[in-house]
Amino acid sequence: MYKKIITCVTMENPLEDSLFYNDAGADAIAFFDSTATREGLEDNVAVIKEITAMIDIPLIACGGVRKLEDVKKLLYAGASKVCMKSAPLNDISIVRESSDRFGSERIVVTIDLSTCQDPVSYAKLLKENGAGELLLLHYDNIDEYIDLVKKIRNEVGISVIASSYSTEEEKIARIMSETSAEAISLYNLARHDVMSIKQSCRKENVPVNLFESAISFADFKKDDKGLVPCIVQDYKNGQVLMMAYMNEESFNKTIETGRMTYYSRSRQELWIKGDTSGHYQFVKALDIDCDKDTILAKVSQIGAACHTGNRSCFFTPLVKKEYNDKNPLTVFKDVYDTIADRRKNPKAGSYSNYLFDKGIDKMLSKFGDQATEVIIKAKNPDPEDLKFEISDLMYFLMTIMVEKNMTWDDVTKELAEREKQ
């Protein structure tokens, strides 16, 4: 099983930092708001919703938990786990209540090893009350810290997240190598190279999640200069972004760093996409075609792929036959985006704006009426009219979603989780 690298993100720059680490190799994000305990969770919850709509990796919500309702709010906002520190010190029952309600695997409790007088006993108490995981805060003496983490992990028998305020690769690799911690959380807010840290861990025989090619570059069919063409595609919407060439060195560099690296035929040197423009391409998947002579890269593209400033290099039409290129899978999002735009930029005569002006009760009433129409039409022998009623029903559903700041990403993520059950 892989050991995980968790990066810390705060309210200072939460969206940009979360997206960066999502693409740059982190296994999870710990979102921490130090002001939440004093000022409440409302801003926290809104930001967590935005972050989880953007990222593919789990988010652990840290800070501001005082009661069971706070745990519920954070999990419902999209957090995979909730981490609490002060609340169990005041009342241990919150751990049991949260564990019983949401499952122990979603409850993390922090122990500050520099202040806790008997961390092993406290860890046992937390486990008895339903904590599924412990986050053990670091302190300066690394030898003592490692010994104590090992002791808690071995004597208590609970999953442990170690931590480090340093991003020195050797220190992180040592903590991961010498303790039995399942993960390490990096509490340094300066952006760090997660893939490089993982490479250092790998050298110490720590099992971490890195890219590995199932087929060696030596087995690819290359041209007379040892090059293979690489077609680059947006991993979410499938848009073809560009085409470039790879040699063995650039391919291996791509695997090592997680950033697309190519070989320039004109300059006869390696180039990392984005090093000059900032428009990096983070690897999501690499595939080889049936003849093993062309690579397909699915990437998260930062900014424009083309040097002209266009998102894609393929923007110049040559010939085209009229055809219906509407993707059924994007229709819901397109309609939703139109409704959301009406809310943000009202348009005279828009029925969507009429509903937003009337408010949620009107939307719910229309949705209820339309659900009845669907039932009636579904009972008819001829289903032809049913598509019109279902379309109206979905429209009213989406107005409700926009009004409640819920997106299709929220819904599809929930459905995807249910597939696992």
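Predicted model: local features only at pLDDT ≥ 70, side-chain atom pairs only at ≥ 80, totals over all residues.
Between them in the chain comes helix α8 (residues 142-156), and β6, α8 and β7 together form a right-handed β-α-β unit.

Strand β6 (residues 133-137) is also paired with β5, again in the parallel sense, over five bridges. The chain reaches β6 from β5 by way of helix α7 (residues 119-128), in a β-α-β crossover that is right-handed. Within this pairing, Val109 faces Leu134 of β6 across the strands.

Five of the five residues of β6 are buried. In a regular strand, side chains alternate between the two faces of the sheet. In β6, Glu133, Leu135 and Leu137 belong to one side and Leu134 and Leu136 to the other, and all are buried, so that both faces of β6 are covered.

## Thr110 in strand β5

Thr110 belongs to strand β5, which spans residues 107-112. Is Thr110 buried or exposed? Its relative accessibility is 8%, and because the limit for a buried residue is under 20%, Thr110 counts as buried.

Once neighbours within four places in sequence are set aside, the contacts of Thr110 are Cys83, Met84, Lys85, Leu135 and Leu137. Leu135 and Leu137 are among the buried residues of β6, on one side of that strand.

## Strand β1

Strand β1 (residues 4-10) is mostly covered, with six of its seven residues buried. It pairs in the parallel sense with strand β8 (residues 183-186) through four bridges. Lys4 is placed opposite Ala183 of β8.

Strand β2 (residues 28-32) is also parallel to β1, and five bridges join the two. Here Cys8 is set opposite Ala30 in β2.

## The four-stranded sheet

A separate heading is given to the sheet with the order β10-β9-β14-β13, an open arrangement of four strands with mixed pairing. Its edges are β10 (240-246) and β13 (281-288); each has a single partner strand, so one side of each lacks a neighbour in the sheet. From one strand to the next, the twist averages 30°.

Strand β9 (residues 228-234) and strand β14 (residues 295-301) run parallel and are joined by five bridges. Ile231 is the residue opposite Leu296 in β14. Helix α1 packs on this sheet, where it touches β13 and β14, and its direction makes about 30° with that of β13. Helix α11 (residues 248-257) lies across β10, β13 and β14 and runs at about 120° to β13.

## Gln239 in the β9-β10 loop

The loop between β9 and β10 contains Gln239. With a relative accessible area of 32%, Gln239 is partly exposed, because this class lies between the 20% limit for buried and the 50% limit for exposed residues.

Which residues does Gln239 touch, not counting those up to four places away in sequence? They are Val232, Gln233, Asp234, Arg311 and Ser312. Gln239 is also 9.6 Å from Lys298, C-alpha to C-alpha, although 59 residues separate the two in sequence.

## Helix α14

Helix α14 (residues 360-379) consists of 20 residues, and the distance from its first C-alpha to its last is 29 Å, close to the 28 Å expected at 1.5 Å a residue. Its buried residues are Met363, Gln370 and Val374. They cover an arc of only 55° around the axis, which puts them on the same side of α14. An α-helix has 3.6 residues a turn, so residues three or four places apart point the same way.

The cover over the buried residues of α14 includes α13 (351-358) and α15 (386-403). On the face turned away from the buried side, α14 carries the exposed residues Asp361, Ile375 and Lys379.

Methods: Residues numbered from 1 in each chain as written. Heavy atoms only, no water. Buried < 20%, exposed > 50% of the residue type's maximum accessible area, 1.4 Å probe, protein only. Contact = heavy atoms within 4.5 Å. Expected span 1.5 Å × (residues − 1). Arc of directions from axis to C-beta. Pairing = 2+ DSSP bridges. Right-handed = clockwise from strand over helix to strand, strands pointing away. Axes fitted to C-alpha atoms, helices over the stretch in contact; angles between N-to-C directions.
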